[in-house]
Amino acid sequence: MMAEMAATWTIGGILIEQHCTLLVAGDRHLVGRVPPGRWTVTGAVVEETDGLLITHVGRRYILGEAAAVLEPEAEAVARGLLKGLCCYEAEQIDAIIGRLRETIAGRT
């Protein structure tokens, strides 16, 4: 929530840049940077239309540039979310982050 308070709002939502998709327990989240430079993991995405994402709590994100690599800060927030869920072992978290890297590499 703190990241969103300092975020750059555009007409219609919060701008999220250098984003990538994190799949967790069947839910799709975005990991990305919200200007002026904070990294965040969004809530579960429930709707996407024309560069606009809406999360399960109604928060709206405007898609900026997609990630070309998994930045260390993005990895840290993704790992934090996964650890916070308390249902993943370290090896499972490493595997999820590995798939995230592969997804990003496949786009470039």
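Modeller: Let us begin with helix 2, residues 72-84, which has 13 residues and reaches 18 Å from its first C-alpha to its last, close to the 18 Å expected at 1.5 Å a residue. Please keep in mind throughout that this is a predicted model.

Colleague: Which residues of helix 2 are buried, and why are they said to line one face of the helix?

Modeller: The buried residues of helix 2 are A74, E75, A78, R79 and L82. Seen down the axis of helix 2, these buried residues fall within an arc of 130°, and therefore they line one face. As background, an α-helix has 3.6 residues a turn, so residues three or four places apart point the same way. The face of helix 2 turned away from the buried side carries K83 and G84, which are exposed, and C86, with a positive phi near 60°, follows the helix.

Colleague: Why is E75 called buried, and what makes R101 partly exposed?

Modeller: E75 has a relative accessibility of 16%, and buried means under 20%, so E75 counts as buried. R101 has a relative accessible area of 39%, which lies between the limits of 20% and 50%, and R101 is therefore partly exposed.

Colleague: What makes the pairing of E75 with R101 a salt bridge, and which parts of the chain does the pair link?

Modeller: The closest N and O atoms of E75 and R101 are 2.5 Å apart, and the limit for a salt bridge is 4 Å, so the pair qualifies as a salt bridge. The pair links distant parts of the chain, with E75 in helix 2 and R101 in helix 3 (residues 90-107), 26 residues apart. Salt bridges that share partners join E75, R79, D94 and R101 into one network.

Colleague: How many salt bridges does the structure hold, and which parts of the chain does the one between R28 and E48 tie together?

Modeller: The structure holds 5 salt bridges. In the one between R28 and E48, the closest N and O atoms are 2.8 Å apart; R28 lies in strand 3 and E48 in strand 5 (residues 45-49), so this pair ties together parts that are 20 residues apart in sequence. R28, at 27% relative accessibility, counts as partly exposed, and E48 is partly exposed with a relative accessible area of 41%. Another salt bridge joins the side chains of R33 and E17 at 2.6 Å, N to O, and here R33 belongs to strand 3 (residues 27-34) and E17 to strand 2 (residues 13-24), 16 residues apart.

Colleague: Which residues touch the most other members of the largest nonpolar core, and what does helix 3 supply to this core?

Modeller: Of the 16 residues in the largest nonpolar core, C20, L22, V31, L70, I97 and L100 touch the most other members. Strand 2, strand 4 (38-41), helix 2 and helix 3 each supply at least two residues of this core, and helix 3 gives the largest share, 5 residues. Leaving aside neighbours within four places in sequence, I97 is in contact with L70, E75, A78, R79 and L82. A second, separate core of 7 residues includes I14, I16, V34 and L53.

Colleague: What share of the chain is buried?

Modeller: Buried residues make up 37% of the 108 residues in the chain.

Key
Residues numbered from 1 in each chain as written. Predicted model: local features only at pLDDT ≥ 70, side-chain atom pairs only at ≥ 80, totals over all residues. Heavy atoms only, no water. Helix = DSSP H or I, 4+ residues; strand = E, 2+ residues; numbered from the N terminus. Expected span 1.5 Å × (residues − 1). Buried < 20%, exposed > 50% of the residue type's maximum accessible area, 1.4 Å probe, protein only. Arc of directions from axis to C-beta. Core = buried A, V, L, I, M, F, W, Y, C linked by side-chain atoms within 4.5 Å. Contact = heavy atoms within 4.5 Å.
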